Amino acid sequence: MPQLILTADPDFIDLALDEARRAASAVEVAARLAPGVLLLDCMEGFWGLAESWRIDPPIFVRHLNPVDVTIPLRGAEDDVFAIVDAAEAELAGMLEADLPFSVQTRILADMPYKPFDINRALSDRLQKVSGAPLNVRNPAQVVSVVCADSGRQTADATPNPHYAFLGLSFVDYNLSGWAGGERRFAREANQVSRAEFKLLEALAAFHIDLPPRGSALDLGAAPGGWTRVLRQREQFVTAVDPAALDPRLEKDRGIRHKRMTAEAYLADEPDEFDLIVNDMRMDARDSARLMVDYARQLYPHGIAIMTFKLPEQGRRAVLDHAFNILREGYIIAGARQLFHNRSEITVYLQKS
Ligand SMILES: C[S@@+](CC[C@H](N)C(=O)[O-])C[C@H]1O[C@@H](n2cnc3c(N)ncnc32)[C@H](O)[C@@H]1O
């Protein structure tokens, strides 16, 4: 049976597994490799599942990679050579010589080597034998390596055997260009809040280019992380929040702070905008209703990005209800549980 590795936030792994089961006919969990990382048996295989998700992407699955080769590990430094030799024997011939590749390693168990050690050794060897150019930042094809405890209990109670799972895929089929979907951003000295990463990740994940010198409305803006990101992208920002913005934003004349709720601002006959973002701490359905009311403040070409805070229980039902509300004013152009989202997802909207 073909195998693949599916990754999601540990808190959302069951919803991610449901998505896999909806997209493919026979999906079974072969092993739980780590919180949020599942080894799956899947009749359709990696390519079948990935192909169906290219048409209708999942929300909760963050990353998917194939398993073409599985080798046992000793937990010693020479595992690195065994992985390199196995990849050369089984995968090098499948690499497209004219497409850039990268190696993405995750080590999910206690091992005496780091992902970098495998990435470096394997990319050196694969470059030599396949001729494919290495491009870590922008690969077209990815060799994924996952080293993990198999999760299987052994009969004699010896420690669980460890394995390396290796697979080759086009990056577009992995759902993320980052190992396990862990999209990293460098922290900047002037960063206002960690929430900034959410907006950066959303802009990248949904391939959103903001219009030059556009006008943006930031609902639930305080302390101002998203506002700062929008200013960096040359947007004029109306920041709405009863709470204070970070003092570092106060002198910026491209920011207008409306110190009130989003409901009060709507009653205030606001302007029209190219972009509305909404990161308000609010029930997802209430937030969706408010966004529908705000749809008339969006220019016809306008877009919106919002987070949906999800409850502990009944998440799927809340989500479906909130989506139905949103469809009264928008086309849902994307929805993802991003790496920087906590108990929430990010939704990308276009005006309908
Ligand atoms: C998660 S924080 C937003 C963080 C912000 N995106 C950033 O990058 O710094 C949520 C904010 O929603 C605001 N909020 C909650 N209900 C609101 C409402 N009805 N109208 C406007 N803001 C609201 C809160 O005051 C809080 O500042």
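## Around the ligand

In this predicted model, the ligand sits among 23 surrounding residues, and the closest are Ala195, Gly220, Gly225, Thr261 and Asp279.

## How H5 and H6 pack

Two packed helices are described by the angle between their axes and the distance between the axes. For helix H5 (residues 196-205) and H6, the axes come within 7 Å and cross at roughly 45°. The crossing of the pair is right-handed.

Which residues meet across this pair? From H5 come Glu196, Leu199 and Leu200, and they meet Gly225, Trp226, Arg228 and Val229 from H6. Sorted by type, the contact has four nonpolar residues, one polar and two charged. Gly225 turns up here in the H6 part of the contact, and it is also listed with the closest residues to the ligand.

## A look at Asn119

Over in helix H4 (residues 115-130) you'll find Asn119. Is Asn119 buried or partly exposed? Asn119 is partly exposed, because it has 19 other C-beta atoms within 10 Å, while buried takes 20 or more.

Leaving aside residues up to four places away in sequence, Asn119 touches Val103 and Thr105. Val136 is 17 residues from Asn119 along the chain, and their C-alpha atoms are separated by 9.8 Å.

Methods. Residues numbered from 1 in each chain as written. Predicted model: local features only at pLDDT ≥ 70, side-chain atom pairs only at ≥ 80, totals over all residues. Helix = DSSP H or I, 4+ residues; strand = E, 2+ residues; numbered from the N terminus. Buried ≥ 20, exposed ≤ 12 C-beta atoms within 10 Å, placed from the backbone. Contact = placed C-beta atoms within 7 Å. Near = placed C-beta within 6 Å. Axes fitted to C-alpha atoms, helices over the stretch in contact; angles between N-to-C directions. Left-handed = near helix turned anticlockwise from the far one by under 90°. Nonpolar A, V, L, I, M, F, W, Y, C, P; charged D, E, K, R; others polar.
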